Each structure stands twice: as structure tokens, then as C-alpha cells.
Amino acid sequence: MNKGWYVTDGFPYVLDLTDCKDWRDLHGRIRKLFTFPDDYGENWDAMWDCLTDLFGEEDEGEIIIAGFAAMPQELQKYAQTMLAVFDDLHEEFPKIVCRYE
């Protein structure tokens, strides 16, 4: 997939959070997986903006979020908004499915 500055291998995307320790690490993994630009704002609004720039109506595939429960409780609480962003992404682009492992 190549849309603007995004160059990825495409679906499925696997966001492995198994040993993720803090919010900077979390956003770094998101940035790397989806090849967000260097100026990615490391917040949920920026994540939404980048995802909706990356994906479109024609895209179909799966995003797998693995290891969420292995993160520290405080980080899980912070990342609840991330889960909501992925749910919203599915609502916006129904052919993109998010699965949690």
C-alpha cells in the first residue's frame, strides 16, 4: 500500500503490545506499524487523522491488537481510547476489521 508518505506491507497489521511499558512506547509502535510520518503527534486525534489518511473505502483487511492485557494496568486504562479509535475506524471503513487477542 502506498498513499502519500505511507508505504506499508498492508494487511494484516499486527500491533503487538506484549511488552509495551509506557505511552511513548505505545505510540512508537503505532507509528512504526502504520508508517506514520515523523511529525505524528503521539495522541489519539493524530492517530485518527493518520489512519483515515492511510485507509479508504476500498481497503479491506484486518488489524490485530495483540498483548493488550499484558500491558501495565495504567497503560491499559490510557489505551482504552486507542481501542475506541480502532472501533471508530471500523465504523468509518466497515471492510477493516479489528481483532483483539
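This is a predicted model: local features need pLDDT of at least 70, side-chain atom pairs count only at pLDDT 80 or more; totals for chains, interfaces and linings use all residues.
Residues are numbered from 1 along each chain as its sequence is written, and side-chain values use heavy atoms, with hydrogens and water left out.

**The sheet**
- An open sheet of 3 strands has the order β3-β4-β5 with parallel pairing, where strands are DSSP runs of E of at least two residues and helices are runs of H or I of at least four, numbered from the N terminus, and two strands pair if DSSP finds at least two bridges between them.
- The edge strands, each pairing on one side only, are β3 (13-16) and β5 (96-100).
- Strand β4 (residues 61-66) runs parallel to β5 and is joined to it by 5 bridges; Ile 64 has Arg 99 of β5 as its bridge partner.

**Helices on the sheet**
- Helix α1 packs on the sheet and touches β3 and β4, its direction making about 160 degrees with that of β3; angles run from 0 to 180 degrees between N-to-C directions of axes fitted to C-alpha atoms, for helices over the stretch in contact.
- Helix α4 (residues 80-92) lies across β3, β4 and β5 and runs at about 150 degrees to β5.

**Around Glu 42**
- Glu 42 is placed in the loop between α1 (23-34) and α2 (44-54).
- Beyond its neighbours within four places in sequence, Glu 42 is in contact (heavy atoms within 4.5 Å) with Trp 23, Arg 24, His 27, Arg 31 and Tyr 78.
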